[in-house]
Amino acid sequence: MELIATRNKGAEDILPSQTYIWQTVEDIARSTAATYAFEELRFPTFEKTELFERSVGETTDVVQKEMWTVMGRKSTYTLRPEGTAGAIRAVIQNGLLNDAMPRKLYYLISCFRHENVQKGRLWEFHQFGAEMIGSASPAADAEVIDFAHTLLDRLGLGDTRLCINSIGCPECRRKYYEVLKEYLTPCRDKLCETCQSRFDKNPMRIIDCKVPGDKELVKDAPVITDYLCDECREHFETVKSLLDNMGLEYTVDPKIVRGLDYYTRTVFEFVSDSIGAQGTICGGGRYDRLIDELCGTSVPALGFAMGLERVILAMKEASFDFGEKPCTDIYIGSMGDAGQQLAMKLAKAVREDGYRAECDMCARSVKAQLKYADKTGAKYCLIIGDNEVESKTGSLKNLRTGSQTQIALDDTFADSFLSVEMADSIAFEEEL
Ligand code: ATP
Ligand code: MG
């Protein structure tokens, strides 16, 4: 029989042995977002294709090469390759631009890009993203960069390198494009095909090209930071001094232009040196023209997105302490119908206190049930047979220490279990 249960090469299954790691990262992301007063936004996995074409930009790799696009009955839709376009579409459509500004939002999403699959580069991947909408002030840039840094720090990645740049406004870029084109004209024919087509429309994209030959050709090309207008230069200087003030270390890298067209002024990346070639774990920047482009109202905004697969790779590389995978607190096994009924009632009672409780679901022998409790790492075990039902008492075994406690199997059971468990935990901690 042909095996149809095979996984696509660019998408990953995340199994229970790993999901607790993801949950740890997501919990830290959510709680950090809360301390910066960002609220969660959820929005659809797909949007009309033109939303990404208009916002991400027609000359970008993402739009030109990487989109997963499907035909609906009337329109063409694309699985989101990133979060900003959909988030901003949702903000506009739901009237959030009328809220008190700045509006601060975050999201935990899956994204889709058709790329060459490698370590840290997948077709389906996950992002934590944040957007601050409605402030043009350099303080917003510094706060958003500080938010990303704090989150990385809480994930044990505080030493990830921060690189920043300013790519100015359309006015600065007009001047810059002229000199860049002049510089590139003699080698125009040697550029990759995509970059030749970008030459007239968006030459700065060539600086971001990943093709090795092109990288070599732009190595000594003029840089945008030398062509910033007075206002953009002042904005960038203020961002830098605010970062200095917060004690954030960074380097200015004039080669960072970012892969998406909607960026203006400040752009930044956090780069890890420990996870191989795909080292950029977070990218972001200001996009003051995007909202105007989508709805005709000019509202400044900025944000960042962190690639969670790369974050987790880096955390593992840094030996982050994810703690132990949570396991069952108490296994309540049974023999016979009366035993099973009582076991299920008692399990329900301890679950009310938040304990993880399991009973036999397979009508197995006591030996097989004990084996299951042991295999799944249960902390306590109790087996209820006819004798236990009759006497309304049982023997609660601590599977870590082997110690046994007689326990009443009545309405006091949950309370008694709680005190035994707490006393054992305190004793265990004192031993450490
Ligand atoms: P790269 O330079 O690695 O292609 P990018 O500039 O295309 O990154 P962004 O659009 O800024 O990436 O997305 C933000 C983050 O999402 C990246 O820094 C990275 O951590 C992650 N990311 C992007 N594409 C992928 C992918 N195909 N697989 C896994 N993670 C990704
Ligand atoms: Mg990319």
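I took two strands as paired if DSSP finds at least two bridges between them. I note at the outset that the model is predicted.

**Entry 1: the sheet**

I looked up the strand order and found an open sheet of eight strands, β1-β5-β6-β11-β10-β9-β7-β8, with mixed pairing. Which strands stand at the edges? They are β1 (39-40) and β8 (251-252); each has a single partner strand, so one side of each is left without a neighbour in the sheet.

Strand β7 (residues 161-166) runs parallel to β8, and two bridges join them. I recorded V252 in β8 as the bridge partner of I164.

**Entry 2: ligand 1**

I listed the surroundings of ligand 1 and found 16 residues, the closest being R113, E115, L122, R258 and R310. By class, this shell holds five nonpolar, five polar and six charged residues. Strands β6 (124-133), β10 (280-286) and β11 (301-307) each supply at least two residues of the shell, and β10 gives the most, with four.

I next checked polar atoms. An oxygen atom of ligand 1 lies 2.9 Å from a polar side-chain atom of R121. A nitrogen atom of the ligand is 2.9 Å from a backbone N or O atom of L122. A polar backbone atom of T280 is 2.9 Å from an oxygen atom of ligand 1. Taken alone, ligand 1 exposes 580 Å², of which the protein buries 93%.

**Entry 3: the second largest pocket**

I found a volume of about 510 Å³ for the second largest pocket. Its lining comprises 16 residues, with K379, R400, D424, S425 and F428 nearest the centre. Helix α16 (residues 413-431) gives the most to this lining, with seven residues. I counted eight charged, four polar and four nonpolar residues in the lining.

Notes
Residues numbered from 1 in each chain as written. Chains lettered and ligands numbered in written order. Predicted model: local features only at pLDDT ≥ 70, side-chain atom pairs only at ≥ 80, totals over all residues. Heavy atoms only, no water. 1 Å grid on protein atoms, 1.4 Å probe; cavity = no way out; pocket = protein on both sides within 12 Å on 5 of 7 lines; lining within 4 Å. Points joined across faces, edges and corners; volume = space filled by probe spheres on them. Nonpolar A, V, L, I, M, F, W, Y, C, P; charged D, E, K, R; others polar. Near = heavy atom within 4 Å. Polar contact = N/O pair within 3.5 Å; in protein donor to acceptor, adjacent residues only side chain to side chain. Areas by Shrake-Rupley, 256 points an atom, 1.4 Å probe, with all protein chains shown as cover.
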